[in-house]
Amino acid sequence: MSAAVRTRIFSPDTTDRVASLLLWASAIATVLILLSIIGTIVYRGIGVIDISFLLDSPRMSGAEGGIFPAIVGTLCLVAVAILTAGPVGVGAAVYLTEYAPDNGVTHMITFGVECLAGIPSIVIGLFGYAFLVVYLGFGFSILSGGLALMFMILPWTVRASEEAIKTVSGDLKEGSVALGATKWQTIRQVVLPSALPGITTGVILGTGKAIGETAVIMYTAGSSLLLPESIFEPVRALPYHLYILASEGISDDMAYGSAAVLLGMVLLINFTAVTIQRYYQARSGLRH
Amino acid sequence: MGTEDIEIESRNLNLWYGSAQALKDVSIPIEKNRVTALIGPSGCGKSTFIRCINRMNDLIKGCRITGKVLFEGRDVYEKDVDVVVLRKRIGMVFQKPNPFPMSIYDNIAYGPRIHGTQAKRELDEVVEDSLKAAALWDEVGGILDKPALDLSGGQQQRLCIARTLAVKPDVILFDEPCSALDPISTARIEDLINVLKHDYTIIIVTHNMQQAARVSDHTAFFLLGEMIEFGETKQIFERPVEKSTENYITGRFG
Amino acid sequence: MTRQTRERMIEALLFASAVTAVVIVLLIMVFLFKEGAPFLIRYGIHTFCLGMEWNPIAMDGEPSYGIFPMIVGSVYIAAGSLVLAVPLGLGCAVFLVEIAPPWAQALIRRGIELLVGIPSVVLGFFGLVLLVPLIRESAGGFGFSILAGSVILAIMALPHIISISADAITAVPETYKQASLALGATRWHTIRNVILPAARSGIAAAVILGMGNSIGETMAVLMVTGNTPILPEPLYDVLDPVRTLTANIVIEMNYAAPGDHREALFATGIVLFVMVAILNAISHRVLKSRMEAGR
Ligand SMILES: Nc1ncnc2c1ncn2[C@@H]1O[C@H](COP(=O)(O)OP(=O)(O)OP(=O)(O)O)[C@@H](O)[C@H]1O
Ligand SMILES: [Mg+2]
């Protein structure tokens, strides 16, 4: 009898139970890690954030005052990055999905996109410094930083747009071509509108990546805390500002506030992207 | 039949998808303002054949063609043929209704717009005429700005026909236009085809014998990429020459 | 302009957009090598990569540019992060695909989306203010350490490892699973002996890719590892500080004078670039052979 009980204890049932428990535990641990990060930043940062924190310029290297120029700097950099990476990325995706013949050049392009996605951001930053800042003479500026960011997010916009374009049904394209539409007319008027939600989601997610990126812009955008007057002037992006505040021990409070604002911006953007995606998925789901 | 009545004619048409031959030496004359039906078991090359006529097969990678398809006496595969003009003159309606995700109005206006018609009044007119010709005006005339995708399957298919009519083609190719529709919608489209044939040359692929018998003047029977028999529909259905045609028509094929 | 020329011009324009990525990659290589390669050759690839001492502004005597401690630092921290992230991520992925009730699935998917979005500098900051003091107080030492870097990188790697592994597990045909369950195997048995082995190569690709990403990561490690360019002593002491290749560039670009010092930083970039490229290539190779094998 007791032998029977003993075998039961070590029967697969128990292992199964223990394994389940461990798997639950790993999932819970992951969620807890996430909550502790977001919780800490929000909890400590929210008290710092008020109108003057958002709209004032920093004083005493950022130990007092606000972070307005850094927010403006970030928005300028991201605007340049998206306005360049968006069209180029969508164009590349249209070429790769609709035009590209199956040959060496096309393989090289796909390979190039993959390579670019794999290059560490600090290497892109170094390149941006050598090429944009020094060689092209753009100096530390919004233009240099924005373009360097563009190099970083380009592969993501290409991929997201490709995915979106590939989901457009061939029936629609045939319908358009059979009416005598040219290839470009078909793409412009049928394919791109249908792929737009997916493309938008991809580009917005790219924005999220660009907003939080630091290593790429440290040596391209500069670190000026003055409000820029043109894209040829330097700015200090919010993540870089946070890095300086934290690593130089300037002010914990200001750092928490900056971190919370940065986190808020990124999460808001990602939330928007995901919501757009879900909305359109749900809508197209109804149709079938 | 006199040669001057032949609008389209395929001559010794062969087609390969990669290394697989899908059409073998197909020659068919198609008369003007008549309905020609293509019948045959699944996979025998009916769709492939009609897609040769408006060169939709150009879109398929690895597709190779020999032989000729004459349209008004000229080979559509000649180098200097403008496929855009060709497709404008030879319209096509697909098996599955494929309206664009736009309003009903924009669907119909799509063709005229890409071909350069911009004036609102002109477009309004084309939209109304096309919808009337496709027997859809009574149902959608008041809801032109509604999404086309909200229509029923049968309405969508008539919308696709109207969309094709809007570019004023000479020929319309129908690839199993009713296979996704209920019997009532099917009957309406058959009626429509009977009216349209006064103004257009029509080629229709169908799996439905009765439909071929009801709507067509001529019928071609395909089997495994070959055109087995071609003739007056009445003759094909009542006195087929070939044994395989008879077997198919009497339902002894899968 | 005729329709045909218009169409052709548009195609040319689209082609130009498509080759932009290739052009950028080529430019990156050209500029990186233009700035760093002469130094590498002058100084010697060997002495650079295997040199133990990094002392670019020697007050007395020759400056030395040895990055071996930083190569070790980068690999050490990346490997450490995987040791932490892979079991946790894999567990999470299995949970997600095979066990989780719908509400937990939704929760974890949302969680992963959030975690991916957190900027690395914010994670670094979190490490700096929470993790480093925690390590200092509980385990002793300086706090800024290999351990801190590994933990932060593990958090960064986690969402990627979970989602790629979850995809690989989802791709295992349902029939395998049913066959196993029908033989009377328990759920865990089936996961261990059927599902995980079938998903193995996909998971391996995720791990190698994660390694590459971790080695290339800058801000988060920079803020928590202490950045001393010497080997830990003893080598297994995870509480010792280290400096990574990425950190080396960020820290010294600020004041590196043009000449050997600055070029040495570009050379560091070359080494980093090559290491990450090799890891990415291996990962792609694994994924490709996986697809060719039909799974
Ligand atoms: N795009 C393609 N690539 C390769 N093979 C194809 C392609 N389209 C059709 N085929 C092949 O060519 C043959 C003829 O196909 P087709 O679609 O013309 O037949 P069908 O008579 O229209 O059949 P159905 O009645 O089912 O529509 C089939 O064997 C099919 O598998
Ligand atoms: Mg067919």
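The accessible surface of chain A comes to about 12400 Å², and 65% of this area belongs to carbon and sulfur atoms. Accessible areas come from the Shrake-Rupley method with a 1.4 Å probe, and for residues only the protein chains shown count as cover. This is a predicted model, in which local features need pLDDT of at least 70 and side-chain atom pairs count only at pLDDT 80 or more, while totals for chains, interfaces and linings use all residues. Residues are numbered from 1 along each chain as its sequence is written, chains are lettered from A and ligands numbered from 1 in the order in which they are written, and side-chain values use heavy atoms, with hydrogens and water left out.

Chain A contains 12 helices and two strands; helices (H or I, at least four residues) and strands (E, at least two) are DSSP runs, numbered from the N terminus. In order from the N terminus, the elements of chain A read α-α-α-β-β-α-α-α-α-α-α-α-α-α. The radius of gyration of chain A is 25 Å, well over the 19 Å that the globule rule gives for 288 residues, so chain A is more spread out than a compact globule. The radius is taken over C-alpha atoms, and the globule rule is 2.2 Å times the number of residues to the power 0.38. The C-alpha trace of chain A spans about 85 × 65 × 35 Å along its principal axes.

Of the 288 residues in chain A, 56% are buried. Here buried means under 20% relative accessible area, exposed over 50%, and partly exposed in between (1.4 Å probe, protein chains only). Among contacts in chain A with a separation of 6 or more, 73% are made by residues 24 or more positions apart; contact means heavy atoms within 4.5 Å. Chain A carries 15 positive and 18 negative side chains, with the centres of the two sets 10 Å apart. Lys and Arg count as positive and Asp and Glu as negative, while His and the chain ends are not counted. The place of a charge is taken as NZ of Lys, CZ of Arg, CG of Asp or CD of Glu.

Chain A also meets chain C, in a contact that takes 74 residues from chain A and 71 residues from chain C. Between them the two chains bury about 6400 Å², 81% of it on carbon and sulfur atoms. Buried area is the accessible area (1.4 Å probe) that two parts lose on being put together, summed over both. On the chain C side, Leu14(C), Phe31(C) and Phe125(C) lose the most area to chain A, together 10% of what that side buries.

Within chain C, helix 11 (residues 245–253) has eight of its nine residues buried, so this helix is largely enclosed by the rest of the structure. The buried residues of helix 11 include Leu245(C), Ile249(C), Val250(C) and Met253(C), and also Asn248(C) and Glu252(C). The loop between helix 10 (219–222) and helix 11 of chain C holds Pro234(C). A cis peptide bond joins this proline to Glu233(C), with omega about -10°. Elsewhere in chain C, Ala154(C) belongs to helix 6 (residues 146–170) and is buried, with a relative accessible area of 8%. Leaving out residues up to four places away in sequence, Ala154(C) touches Ser81(C), Leu84(C) and Ala85(C).

Chain B has 10 helices and 10 strands. A compact globule of 254 residues would have a radius of gyration near 18 Å, and the 18 Å of chain B agrees with this. The C-alpha trace of chain B spans about 55 × 45 × 35 Å along its principal axes. Chain B exposes about 11200 Å², of which carbon and sulfur atoms supply 49%. Chain B has 31 positive and 36 negative side chains, and the centres of the two sets lie 4 Å apart.

Glu72(B), in the loop between strand 4 (63–71) and strand 5 (74–75), has a positive phi near 50° although it is not glycine; at 44% relative accessibility, Glu72(B) is partly exposed. Glu176(B), in the loop between strand 7 (171–175) and helix 7 (183–196), also has a positive phi, near 45°, but is buried at 11% relative accessible area. Lys197(B) sits in the loop between helix 7 and strand 8 (201–205) and is buried, with a relative accessible area of 18%.
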